[in-house]
Amino acid sequence: MPVKKDGASSNKKDLPDAKTLATAEIEETVKDVDIFEFADRMELEILYRGDNRRIHFCTFNISRPGLQLAGYYKHFSAERVQVIGEMEMTYLLQMTHQARKTACEEFFKNPIPCLILTTATPPCEELLSAAKKFNRVVLISKVRTTMFVNKLSLYLNELLAPSVTIHAVLMDLYGVGVLVMGESGIGKSETALELIGRGHRLVADDAVTITRIGDRLDGTSPEVIRYFMEVRGIGIIDVKAMYGAGAVQLVKSVDMVVRLEEWNDKATYNRLGTPDEKYSILGVKKPLYVIPVKPGRNLAIILEAAARTHRLNDLGFSAMDELSERLRGNFDK
């Protein structure tokens with residue numbers, strides 16, 4: 001598949017393109033979670049669940065249905081998790097019995113994923129009766145509303161974060177998450193093995209699962225192959241067992257992408273240290289370095305230099321700018 005590269009394309013079969021990854025983002029934003037698992041994770045008590053076994057989450061947005069309890073449903077987002085705090089419950093309690101019953105039934109007519117009461121606010125009888133009538137899930141938290149909404153928002157952002165699994169190697173080099181891509185047999189695993197021997201840490205080999213949380217890309221390995229590596233001529237090795245726990249890392253954010261490709265005498269490679277190319281993963285663009293491979297080149301040292309260069313660039317230092325300043329100074333003299 002082609003790799004997006006400043007409007008151009010490259011024929012690399014194992015490199016997913018930006019369009020493919022964007023599609024994965026849309027497909028991965030819906031999850032069904034076991035009610036008991038959700039209640040345990042969020043420290044909630046289940047007040048009513050009816051015959052429901054799972055909660056359907058499709059958005060990380062959260063709704064505080066104050067206006068809905070007052071009868072306004074024009075812009076109501078029923079697909080969101082609904083949270084009622086002390087203020088909304090106080091508003092319900094000041095209503096007459098019939099008005100409260102009508103408000104609760106109108107609210108639960110909507111196919112909401114669940115309703116969560118906060119601040120340990122006990123529900124009114126009409127609220128629970130309406131939940132039972134329409135078979136809606138109701139839970140309660142002891143945490144105050146603002147703190148709980150923040151906690152729930154973090155949970156939903158992680159739960160519904162879009163993810164994709166790609167063929168690559170992810171390493172932690174000097175604290176920089178380096179995603180190494182390239183065709184099969186180009187030397188990704190062998191380079192990673194040498195880097196491990198030089199004191200760096202492996203996150204994933206062969207398959208990297210990347211999750212987008214906000215504008216951050218977190219990479220990890222599928223559990224079934226975690227910390228295993230295939231080295232041609234040797235076979236499968238267990239990096240953690242061979243080099244120790246300090247040689248591996250569970251999760252690392254992707255900071256830069258390196259693509260290894262066979263040396264082409266006719267190709268033009270970056271020689272000035274000003275990479276303008278970007279590689280898009282789930283809509284997030286990261287700096288892309290194209291490293292040509294040929295016998296005699298020490299790829300491990302080159303990747304270390306690339307990681308150090310990236311760190312310096314983040315700190316505002318550019319070797320090219322420094323050289324330009326020196327040359328300018330010589331010309332002025």
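The model is predicted, so local features need pLDDT of at least 70 and side-chain atom pairs count only at pLDDT 80 or more, while totals for chains, interfaces and linings use all residues. Residues are numbered from 1 along each chain as its sequence is written, and side-chain values use heavy atoms, with hydrogens and water left out.

The protein chain has 11 helices and 19 strands, taken as DSSP runs (H or I of at least four residues for helices, E of at least two for strands) and numbered from the N terminus. Of its 333 residues, 47% are buried, meaning under 20% relative accessible area with a 1.4 Å probe, protein chains only.

Now the rings. Rings of Phe, Tyr and Trp (its six-membered ring) pair if their centres lie within 6.5 Å; planes under 30 degrees apart are stacked, over 60 edge-to-face, the rest tilted. That rule gives six aromatic pairs.

One of them joins Phe 57 and Tyr 155, edge-to-face, at 6.5 Å centre to centre and 80° between the planes. Phe 57 is in strand β3 (residues 54-57) and Tyr 155 in helix α7 (residues 145-159), so this pair ties together parts 98 residues apart in sequence. Both Phe 57 and Tyr 155 are buried.

Phe 76 and Phe 107 form a tilted pair, because their centres are 6.1 Å apart and their planes at 50°. Phe 76 lies in the loop between α3 (66-69) and β5 (81-84), and Phe 107 in helix α5 (residues 97-108), so the pair ties together parts 31 residues apart in sequence. Phe 76 is buried at 15% relative accessible area; Phe 107 is buried at 0%.

Ring pairs also link Tyr 73, Phe 76, Phe 107 and Phe 108 into a cluster.

Conventions:
Buried means under 20% relative accessible area, exposed over 50%, partly exposed in between (1.4 Å probe, protein chains only).
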